[in-house]
Amino acid sequence: MASTRELTDAMVVDHRSPRPDAAVLRLDGVSKSYGRVTAVHDFDLTVRAGEILALVGPSGCGKSTTLRLVAGLERPDSGAIRIGDESVASDRDWLPAERRRVGLVFQDHALFPHLSVAANVAFGLDKWRARRRRERVNTVLEMVGLERLSTRYPHELSGGEQQRVALARALAPEPAVVLLDEPFSNLDRKLRSQVRADTMGVLRETGTTAILVTHDQEEALAVGDRVLVMRDGGTEQLDSPDRVFHTPVNRFVATFMGEADFLPARRSRQGLVCEVGPLSPAADVAAGDEVEVMVRPHDVVLTPDASGPGFITRAEFQGAFILYTTQLPSGRTVRSLQPHTVTLPIGTGVKVGMTTDHSPTLLVGHQTVPRHS
Ligand code: ADP
């Protein structure tokens with residue numbers, strides 16, 4: 001990988017680059033159905049210059065369709081899409097994929113097997129003058145650290161290297177936005193984290209605006225400046241990774257974006273309490289509301305105590321951590337993530353508490369109770 005300095009020197013200055021706060025991509029009320037299946041419904045989105053947006057959601061929620069609409073591989077039934085200053089899809093406008101300033105990176109890399117690395121990267125530059133094309137290919141290969149492999153063919157590369165060629169090819173024509181569809185899911189786990197770090201490094205160093213689709217919530221939290229949680233063709237939450245994880249807007253986001261248990265909470269003289277102790281909520285709960293508190297396993301504290309009131313029913317070894325399930329007197333269970341050095345055999349009595357370093361999320365029904373601003 002090239003250093004920041006080398007990259008900065010090597011980057012071609014794009015005079016069309018938008019201001020850092022400008023919207024590079026806008027979707028307004030975009031809908032797309034396939035027969036009776038609504039894949040994307042009345043979808044709005046603004047992506048800012050240099051931003052990396054992680055699009056996450058369960059299989060079939062419309063992530064790939066959204067990317068395909070932006071790329072021009074699908075036409076919206078209604079709504080409008082703008083890339084930079086250009087309207088690329090609306091009632092009146094339609095710009096085909098090859099004329100949109102969009103780079104694509106797919107899961108299977110989709111490299112041309114009969115073309116060398118350099119020829120793969122040069123593929124989208126056929127309208128460029130030969131000298132400029134050569135320089136640009138060298139520049140992007142240097143960005144992704146593949147300059148020494150330019151004459152190889154895809155079958156002579158590792159999975160990680162193929163992924164880097166795919167990224168270089170997407171970046172070569174200086175796109176306004178790069179779309180990555182599950183780009184790391186074909187790589188084995190260990191390679192995946194390295195390739196992901198390298199890819200995100202290149203995107204950030206080059207200030208590239210990108211949308212990355214993943215079904216993996218940990219990946220979304222790790223790579224996104226903002227995370228868009230999709231469900232049934234629409235947005236459930238669009239927020240910083242921290243807020244999506246700690247202050248989900250509803251039960252779906254809470255459970256999709258991480259392990260969560262829910263315990264009923266009630267008003268008492270000390271304020272709001274749940275079965276594992278008092279809560280310090282940052283939200284007002286109306287009298288009579290049936291409130292639940294979201295409990296993430298890393299917030300649950302266990303203290304061994306023969307008299308309970310809880311006891312360990314399950315232990316899941318996760319390497320550095322052990323995920324303990326504890327049964328409470330009510331019969332409900334909560335999970336607690338402990339370092340692997342904490343050994344609590346099944347049946348061990350424990351006191352259960354919650355860390356108090358942040359205000360827990362409260363729900364009434366499926367919706368989060370709004371916090372004080
Ligand atoms: P995701 O990427 O989140 O898994 P998709 O965007 O691929 O979801 O799909 C959204 C919905 O649209 C799904 O119900 C899927 O079956 C349907 N769908 C996607 N593409 C097509 C297609 N070409 N023809 C028919 N149905 C499709």
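**Entry 1: salt bridges**

I counted 16 salt bridges in the structure, taking a salt bridge as a side-chain nitrogen of Lys or Arg within 4 Å of a carboxyl oxygen of Asp or Glu. Helices (H or I, at least four residues) and strands (E, at least two) are DSSP runs, numbered from the N terminus.

**Entry 2: basis and confidence**

I note that this is a predicted model, in which local features need pLDDT of at least 70 and side-chain atom pairs count only at pLDDT 80 or more, while totals for chains, interfaces and linings use all residues. Residues are numbered from 1 along each chain as its sequence is written, and side-chain values use heavy atoms, with hydrogens and water left out.

I read an average pLDDT (the predictor's confidence in each residue, from 0 to 100) of 90 for the protein, with 94% of the residues scoring at least 70. Over residues 1–16 the pLDDT stays under 50, and for these residues the model has 24 contacts beyond four places in sequence; contact means heavy atoms within 4.5 Å.

**Entry 3: the ligand**

I listed the residues around the ligand, each with a heavy atom within 4 Å of the molecule: Tyr34, Val37, Ala39, Pro58, Ser59, Gly60, Cys61, Gly62, Lys63, Ser64 and Thr65. They divide into 5 nonpolar, 5 polar and 1 charged, where Ala, Val, Leu, Ile, Met, Phe, Trp, Tyr, Cys and Pro count as nonpolar, Asp, Glu, Lys and Arg as charged, and the others, Gly among them, as polar.

I next looked up distances from ligand oxygen atoms to polar backbone atoms: 2.7 Å for glycine 60, 3.0 Å for glycine 62 and 2.8 Å for serine 64. The protein buries 59% of the 560 Å² that the ligand exposes when taken alone, by the Shrake-Rupley method with a 1.4 Å probe. Strand E2 (37–48) and helix H2 (63–71) are the elements that give two or more residues to the shell; H2 gives the most, with 3 residues.

**Entry 4: histidine 41**

I placed histidine 41 in strand E2. Leaving aside neighbours within four places in sequence, I found histidine 41 in contact with Val30, Ser31 and Gly233. Its C-alpha atom is separated by 30 Å from that of arginine 196, 155 residues apart along the chain.

Technical notes
A polar contact is a pair of N or O atoms within 3.5 Å; within protein, one must be able to donate a hydrogen and the other to accept it, and residues adjacent in sequence count only if both atoms are side-chain atoms.
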